[in-house]
Amino acid sequence: MNSAQALRGAARHAVRRGSLVLTAAFGISFAVNLLRLAGPLFMLLIYDRVLTSRSVETLVALFGLLIMLLCVLGTLDYARKRMLARFGAQFQEQIEETLLSHSGRNQFFQQGRAKPALGLDEVDGLRGFLHSGSLIAVLDFLWTPMFVAVVFVLHPLLGWICVGGIGVICLLMLIRSVFKGGRQEQANLARGAIGKLKNAIVASHQTMRKQDMSVGFKERWKTARDDARDRAISLQDWTSWFNSISRITVMVVRYSVLATGAYLTLQGELTAGAMVAATFMVTRVLGPVERFVTQIPRLIQAREQWRSLNQVLKTRAMELEDAYSEQPSTPHRLVVDNVSVRSPLTGALLLRSVSLTSTGGELIEITGTSSQGKTVLAETILGMWKLSSGSILVNGHHTGRLTDVEAQTVFGYAPENPSFLAGTIAENISGLDPQSNPEKVSLAARRARMHAAICALPMGYNTELDPQASCLSNFERNQLALARAFYKDAQILIIDTLDSEMLVRIPKKLETTFSLLRERDNVTIIVLTRQPLNLPDTTRSYTLQDGRLAVRQTKAANQSGKDHNSPAIKPAAAAKMSVVGKDNTPKIVRS
């Protein structure tokens with residue numbers, strides 16, 4: 001519940017913590033805009049007082065005062081920018097800390113996405129909004145009526161010309177925004193296509209080089225590049241035209257005020273100083289208005305990012321508050337209850353009503369040929385797939401609600417096709433553990449029977465790997481994946497498609513490691529294989545066919561005091577199948 005409370009309203013709380021900074025920035029903005037009146041006032045006094053009185057002393061005094069006020073103006077403007085930049089950084093730090101502390105792995109790294117999708121992009125976008133000057137443009141715009149009022153004080157006709165110029169600029173920017181949307185979207189899609197191709201060449205450059213795919217890739221690159229270039233030019237042409245018209249409008253309004261002021265001066269309704277001051281004042285009015293109108297799309301984007309961030313926080317808080325099916329007192333370490341999973345692309349069922357329970361210290365073997373759902377089952381237990389139905393509990397809590405810190409102490413996983421970080425062997429074994437030590441890394445490598453092979457490398461544990469670990473053999477890559485899984489001291493160890501070569505080259509040593517983990521550390525080990533491994537300490541064996549899990553055999557060891565009964569689904573074609581009866585004892589079912 002503490003996590004839910006921390007998440008709910010976290011964004012507003014972060015803003016409230018910086019409310020003093022925002023209030024100070026608002027006040028400084030008033031002072032900055034007030035000091036900007038010093039220039040027009042100086043012009044007014046020069047023309048109406050200094051030139052008429054021909055007083056050098058008054059000129060020197062006014063100029064000195066102006067320089068002092070301009071220095072204060074520059075200092076306050078600089079301070080305002082620094083304050084907002086630090087407020088944005090503080091806001092990002094607080095929200096990211098909350099998100100990373102209370103997020104589940106499914107939220108941080110979503111299935112099929114390369115970037116974190118927890119709300120970090122939204123937080124970074126909001127920080128950019130505060131830091132980029134968009135908020136300053138808003139604050140300056142809020143004080144624009146003060147300048148307009150001064151123009152009206154000089155003469156109402158000049159004020160209405162100024163208001164008309166504001167209306168024209170707003171109308172131009174509105175038209176640009178309305179018709180820019182489609183062009184902007186097309187340009188973004190074209191630029192995104194270029195980004196995907198760049199990511200593809202980075203991730204698959206070895207495959208493209210070895211399989212001679214560069215010819216086809218070059219054609220795709222040229223097509224995407226030409227499309228992105230044309231879309232960008234079209235968007236730039238559109239926005240540049242409106243920007244030019246907007247600047248021309250500012251000049252027309254300014255000179256209109258000057259001409260009107262000159263006419264009013266000739267009529268005796270305005271002084272020469274007021275005429276020049278009004279001309280300068282109009283620039284001060286239209287400048288903030290133009291900057292603000294230009295920032296309107298960015299304001300809309302920031303509002304959407306704010307809503308999205310709050311939705312992410314609210315959703316995560318609701319998940320943590322929902323106690324449905326939580327069973328903290330359950331005797332089972334792992335409960336897979338009637339779980340079904342569908343493909344996010346095709347909607348086809350990948351797992352069909354799979355049920356499994358396990359206590360600590362068991363070795364469970366799940367056998368199935370390729371494409372039967374072994375990897376999906378392993379990753380579903382890890383909490384990486386969205387469930388269509390059913391639930392998965394670890395120590396009485398849903399796997400989807402585990403944070404990454406909690407999951408790290410629960411699961412160890414050796415995938416069928418391991419991949420690695422671009423870093424040293426030690427970093428890959430420790431999983432970038434900030435508190436790793438050589439002894440623990442070495443112990444994990446010894447358990448995977450890889451310590452000697454690593455020490456034989458010129459740089460040992462400091463050997464640099466690429467993401468494919470191309471300097472290692474396939475056998476060594478699987479050993480390294482096992483070492484990485486062993487390092488975590490996890491409660492549940494899942495090994496997907498254990499390399500049969502390991503059981504040939506290091507059978508007794510690996511069996512000894514499994515026995516040590518089960519008996520001394522009470523670790524539950526789940527091994528998924530294509531063919532039965534017949535490990536001597538296997539407590540239960542299952543078959544996985546077409547996403548359905550069924551008991552293959554039950555060893556006599558199950559008659560001990562442990563309760564590891566598992567509901568099973570009996571395939572119709574089975575000639576002989578061992579299942580669990582209602583009295584929790586194995587029985588034989590014959591077709």
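## Ground rules

Because the model is predicted, local features need pLDDT of at least 70 and side-chain atom pairs count only at pLDDT 80 or more, while totals for chains, interfaces and linings use all residues. Residues are numbered from 1 along each chain as its sequence is written, and side-chain values use heavy atoms, with hydrogens and water left out.

## The chain as a whole

The protein chain has 21 helices and 14 strands. Here helices (H or I, at least four residues) and strands (E, at least two) are DSSP runs, numbered from the N terminus. Of the chain's 591 residues, 44% count as buried; buried means under 20% relative accessible area, exposed over 50%, and partly exposed in between, with a 1.4 Å probe and protein chains only.

Take the contacts (heavy atoms within 4.5 Å) between residues at least 6 apart in sequence: 75% of them join residues at least 24 apart.

## Salt bridges

There are 20 salt bridges in the structure, each one a side-chain nitrogen of Lys or Arg within 4 Å of a carboxyl oxygen of Asp or Glu. Five residues, Arg36, Asp77, Arg80, Lys81 and Asp140, are tied together in a network of them. Within that group, Arg36 pairs with Asp140, and their closest N and O atoms are 3.7 Å apart. This pair bridges distant parts of the chain: Arg36 sits in the loop between helix 3 (19–35) and helix 4 (38–53), Asp140 belongs to helix 8 (residues 134–142), and the two are 104 residues apart. Both Arg36 and Asp140 are buried.

Arg80, another member of the network, lies in helix 5 (residues 56–102). Its relative accessibility is 0%, so Arg80 counts as buried. Leaving out neighbours within four places in sequence, Arg80 is in contact with Ala25, Ile28, Ser29, Val32, Arg36, Ile136 and Asp140.

For a contrast in setting, look at Asp489 and Lys440, whose side chains meet in a salt bridge at 3.7 Å, N to O. This pair also links distant parts of the chain, with Asp489 in the loop between helix 19 (474–487) and strand 9 (492–496), Lys440 in helix 17 (residues 438–447), and 49 residues separating them. Asp489 is partly exposed, with a relative accessible area of 48%, and Lys440 is partly exposed too, at 27%. Then there's Arg520 with Asp521, where the closest N and O atoms are 3.3 Å apart. Arg520 counts as exposed at 53% relative accessibility, whereas Asp521 is partly exposed at 34%.

Helix 11 covers residues 214–266, and its 53 residues should span 78 Å at 1.5 Å a residue; the end C-alpha atoms are 76 Å apart, which agrees. That expected span is 1.5 Å times one less than the number of residues. After helix 11 comes Gly268, with a positive phi near 80°.

Over in helix 12 (residues 272–294) you'll find Thr279, buried with a relative accessible area of 12%. Not counting residues up to four places away in sequence, Thr279 touches Arg254, Val257 and Leu258. Ile175 is in helix 10 (residues 156–210) and is partly exposed at 32%.

## A hairpin and a covered helix

Strand 1 (residues 334–342) and strand 2 (residues 349–358) pair in the antiparallel sense over six bridges; two strands count as paired if DSSP finds at least two bridges between them. Leu334 has Ser358 of strand 2 as its bridge partner. The two strands form a hairpin with six residues between them, and Gly347 in the turn has a positive phi of about 80°.

Helix 14 (residues 374–381) is mostly covered, with seven of its eight residues buried. Among them are Lys374 and Glu379. Just after helix 14, Gly383 takes a positive phi of about 90°.
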